[in-house]
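Welcome! Please take a moment to look over the sequence and the structure before reading on.

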Amino acid sequence: MDPFLVLLHSLSGSLSGNDLMELKFLCRERVSKRKLERVQSGLDLFTVLLEQNDLERGHTGLLRELLASLSRHDLLQRLDDFEAGTATAAPPGEADLQVAFDIVCDNVGRDWKRLARELKVSEAKMDGIEEKYPRSLSERVRESLKVWKNAEKKNASVAGLVKALRTCRLNLVADLVEEAQESVSKSENMSPVLRDSTVSSSETP
């Protein structure tokens, strides 16, 4: 799996509806009105920008500018980590887990202990996590996932995480994780969903 596409999917999954609206507004002079109307997610917009060569692995200036305009410093940090080589160094299976982790962290919230117990994280570890992150549920989730991953080592997998989510009746989150894996796989082949051969990238809005 292309680590850059993994990064884009991770960023997309963390965007709010208002963030997406703002991104579409910011791109109104780069992307035709017809294409923007088809954009339903950040990944959709990133795919269009990739197709138009406005965005690529070695050309992330526009992406950085867009994220800065949203004041999403957390997402800028992910981009910084990627460019520093953190993301590219990860093996494919770990890249898949990173996408899943981002989705779980954004959606599990107060149910984090239920999931952590299903992942065999000890009560002592959970107490330590809670003490370390007293005000951030998402960081508690991420830390518990790291504990699980470190314990499972090579056996840690997206499938195992999805199974734990479903056991905890967090089916919506499990669905989001599975959809993300499918979406990233399709993006690798440059899914034609947003392509319109009859509309050139130079079409006026």
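Here is a short tour of the fold, the confidence and the aromatic rings.

## Overall fold

This is a predicted model. Of the 205 residues in the protein, 43% are buried. The accessible surface comes to about 11,200 Å², and carbon and sulfur atoms hold 47% of that area.

Contacts are worth a look too: among those with a separation of 6 or more, 66% join residues 24 or more positions apart.

## Confidence

The mean pLDDT of the protein is 83, and 83% of its residues reach 70 or more. Confidence is highest in helix α8 (residues 112-118), at a mean of 95, and lowest in helix α12 (residues 171-188), at 78.

Do take care with residues 190-205, where pLDDT stays under 50. For that stretch the model has 27 contacts beyond four places in sequence.

## Aromatic rings

There are two aromatic pairs. In one of them, the ring centres of Phe-4 and Phe-82 lie 5.6 Å apart with planes at 45°, so the pair is tilted. Phe-4 belongs to helix α1 and Phe-82 to helix α6, 78 residues apart; both are buried.

The rings of Phe-101 and Trp-148 have centres 6.4 Å apart and planes at 55°, so this pair is tilted as well. It links helix α7, which holds Phe-101, with helix α10, which holds Trp-148, across 47 residues. Both Phe-101 and Trp-148 are buried.

Finally, look for Arg-28: its charged end sits over the ring of Phe-25, 3.9 Å from the ring's centre.

Conventions
Residues are numbered from 1 along each chain as its sequence is written. This is a predicted model: local features need pLDDT of at least 70, side-chain atom pairs count only at pLDDT 80 or more; totals for chains, interfaces and linings use all residues. Side-chain values use heavy atoms; hydrogens and water are left out. Buried means under 20% relative accessible area, exposed over 50%, partly exposed in between (1.4 Å probe, protein chains only). Contact means heavy atoms within 4.5 Å. Accessible areas come from the Shrake-Rupley method with a 1.4 Å probe; for residues, only the protein chains shown count as cover. pLDDT is the predictor's confidence in each residue, from 0 to 100. Helices (H or I, at least four residues) and strands (E, at least two) are DSSP runs, numbered from the N terminus. Rings of Phe, Tyr and Trp (its six-membered ring) pair if their centres lie within 6.5 Å; planes under 30 degrees apart count as stacked, over 60 as edge-to-face and the rest as tilted. A charge sits over a ring if NZ of Lys or CZ of Arg is within 6 Å of the ring centre and within 35 degrees of the ring normal.
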